[in-house]
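Open the model in your viewer and follow the stops below. Each one says what to select and what is there.

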Amino acid sequence: MNGNVRPETMARINSPALANAFIKEQVTELKEQIGDKKVLLALSGGVDSSVVAALLIKAIGKNLVCVHVNHGLLRKGEPEQVIEVFRNQMDANLVYVDAVDRFLDKLAGVFDPETKRKIIGKEFIEVFAEEAKKLDGIEFLAQGTIYPDILESDGIKAHHNVGGLPKDLQFELVEPVKLLYKDEVREVGKALGLPDNMVYRQPFPGPGLGVRCTGAITRDRLEAVRESDAILREEFANAGLEGKVWQYFTTVPDYRSTGIKDGKRLWAWPVIIRAVNSVDATSATIEEIPYALLGKITNRILNEVEGVNRVLYDLSPKPIATIEWE
């Protein structure tokens, strides 16, 4: 499966049998390509990088070095899940980097969305490069490039992958899922034994919660985004909506309004719920959340999340609104 063009004769991977056949073929090819050399992978915990990691662990074991950078903009429980699945369950050679303070200090006072994205992307590459320089014998760089990335861009995924590494850290690429569509990557992930909540993870922006804490990011408002998002995801799962709604999340804008708590005036933020259905993200329709469920989510957010006093529901389709707020 060399090259960047998917053969017309390549069957869609839509069953466990086809997924297992693909895995067997890729393990053989990866062993031939890599030999006894070492491979470096930026493991975000997203679907694509997780499937690539699982494939490479099956093929070369400890010769894969996974680097997971926690930049403080991940959802609740995600860094812990990466450690549990890959280090504890799959015995991966995993390097965990706590870079929360480093990223949030760089982002302090930055309002412009595009500037925030550039800071996050640049800092990620710098952190990853620093970790790579600490390692000996790395000759390959694995990436979670999938076929739509090749069709839509230059094949390099921003934020999660590291196409901007300095010249002294240029490696031969390993891209075992580059001819697969997202649904096929999920099928392969299932066959590799990855947990469902990782395989079927909803779309998540490269800058993470940084684009859902609109305006200049503060640690307390970022925590309000993280906690309210966790409540929304938990209640959607309890209601059987997990996997049935394409994308759902919360946003906490940099705006306060008056409220009352314990008989005192409360100057606090709103939490905005966004739930949409889409096929390819070029357009999106609004998911109708049952009113009783909305009430339960609202009650939990107002009682469990610090610094908020309102819950709003975004009813705007795409177009005219975008899916994310920034």
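Helices (H or I, at least four residues) and strands (E, at least two) are DSSP runs numbered from the N terminus. Pick Cys66: its bridge partner in E3 is Leu94. Now trace the chain from E2 through helix H3 (residues 78–89) to E3; this β-α-β crossover is right-handed. That is, with the strands pointing away from you, the path from the first strand over the helix to the second runs clockwise.

A note on the source: this is a predicted model, where local features need pLDDT of at least 70, side-chain atom pairs count only at pLDDT 80 or more, and totals for chains, interfaces and linings use all residues. Residues are numbered from 1 along each chain as its sequence is written, and side-chain values use heavy atoms, without hydrogens and water.

Next, select helix H5 (residues 113–133). At its start, a side-chain oxygen of Asp112 comes within 3.3 Å of the backbone nitrogen of Glu114.

Finally, zoom out. The chain has 10 helices and 10 strands. Its C-alpha trace spans about 70 × 40 × 35 Å along the principal axes. Buried residues make up 52% of the 326 residues.

Notes: The expected span of a helix is 1.5 Å times one less than its number of residues. A polar contact is a pair of N or O atoms within 3.5 Å; within protein, one must be able to donate a hydrogen and the other to accept it, and residues adjacent in sequence count only if both atoms are side-chain atoms. Two strands pair if DSSP finds at least two bridges between them. Buried means under 20% relative accessible area, exposed over 50%, partly exposed in between (1.4 Å probe, protein chains only).
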